[in-house]
Amino acid sequence: MKYTLFFFTWNFMAVGLSRADHDWCYIELSCGPSAWANKFPMCGNTHQSPINIETASAKVNPDMKPLIFESPSQHKTREATVTNNGHSFDVKLKEDYTLRGALHPAIFKLKSFHFHFGAPGRLTKGSEHRINKKAYPMEMHIVFYNSNYKSADEAMQHDDGLAVLGVFFEVGAKNYVMQTIIDQLPNIKYKGQSAVFSMSLDDLLPRRLLSSYYGYKGSLTTPPCTENVAWRVLAQPLKISKKQLKTITKSLYYTRANDHHKERMWNNYRPVQPLNKRVVSHYLK
Ligand SMILES: [Zn+2]
């Protein structure tokens, strides 16, 4: 009897601890998107992301520059590290990829890239941005910081600090580059786990996709929701197979390996935010 009581008490404490570990989350009401602004006031501001992009009102803007994405590796696979950060899986590359054209004439440096997705088998939700109210099953965010600042952390403090490429995925053929990342997911099931592998971001992002994009000024879609992001959302999606999507949505947990309470990582997208008089421009080559 004594042992049973001890067991229950201990379990209760473990659950309490693991939940307290979440500063913010996607699923539970107490820490989900509608509660973010309580702890992170900027999440309640007026220039937030993601948004719904109405293509009919996004005018072609001749002042927008072509996006130039450059890498030193030129389609060779190089060392990469994928991490479960408790909100998504995030990939860092060893090399200095750069992006020009987001905020001319600044040169942006690659920080890392991560993914937002829905629940297993649910193919109509998952992306953060929407196009004419339509969501895609997954969206990749390639995060860059302005090289006028010494580090990504320093850039975060400035209005022109960040540029993010949003890339949608739709269901189609197997994506062999994504598979190199998916193969690592069993090694990073839990929050805080990382795995080293090799891949080529050049091969994941064909340059022809950069020829049509939507641009607007917004925020990080996760706390602290700072409004210093030049968003560049590509009009054309990449492909991924149903099976690959299913594997992604079933492989990861928001929680740590030793947390008693296990929460599967899915539906890690923020709902769309009001546009509030912002203008979305369209770049078309
Ligand atoms: Zn993101």
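**Salt bridges and a zinc site**

Biologist: What is the relative accessible area of K217?
Modeller: K217 counts as partly exposed, the class between buried (under 20% relative accessible area) and exposed (over 50%), with a 1.4 Å probe and protein chains only. This is a predicted model, where local features need pLDDT of at least 70 and side-chain atom pairs count only at pLDDT 80 or more, while totals for chains, interfaces and linings use all residues. Residues are numbered from 1 along each chain as its sequence is written, and side-chain values use heavy atoms, without hydrogens or water. For K217 the value is 35%.

Biologist: Which residue meets K217 in a salt bridge?
Modeller: A salt bridge here is a side-chain nitrogen of Lys or Arg within 4 Å of a carboxyl oxygen of Asp or Glu. K217 has such a partner at 3.2 Å, N to O. The pair links strand 12 (residues 212-218) to the loop between helix 3 (152-155) and strand 10 (162-171), 58 residues apart; helices (H or I, at least four residues) and strands (E, at least two) are DSSP runs numbered from the N terminus. The partner, exposed at 55% relative accessible area, is D159.

Biologist: Which residue forms a salt bridge with K133?
Modeller: The closest N and O atoms of this pair are 3.5 Å apart. K133 lies in the loop between strand 8 (130-131) and strand 9, and its partner in the loop between strand 1 (52-53) and strand 2 (59-60), so the bridge ties together parts that are 79 residues apart in sequence.

Biologist: Now the metal: what spacing do the zinc donors follow along the chain?
Modeller: Donors are N, O and S atoms within 2.8 Å of the metal (3.2 Å for Na, K and Ca), and sites may look incomplete as water is not among the atoms. The protein donors are H114 (NE2), H116 (NE2) and H141 (ND1), at 2.0 to 2.1 Å from the zinc ion. H116 and H141 are both buried. The spacing is H-x1-H-x24-H.
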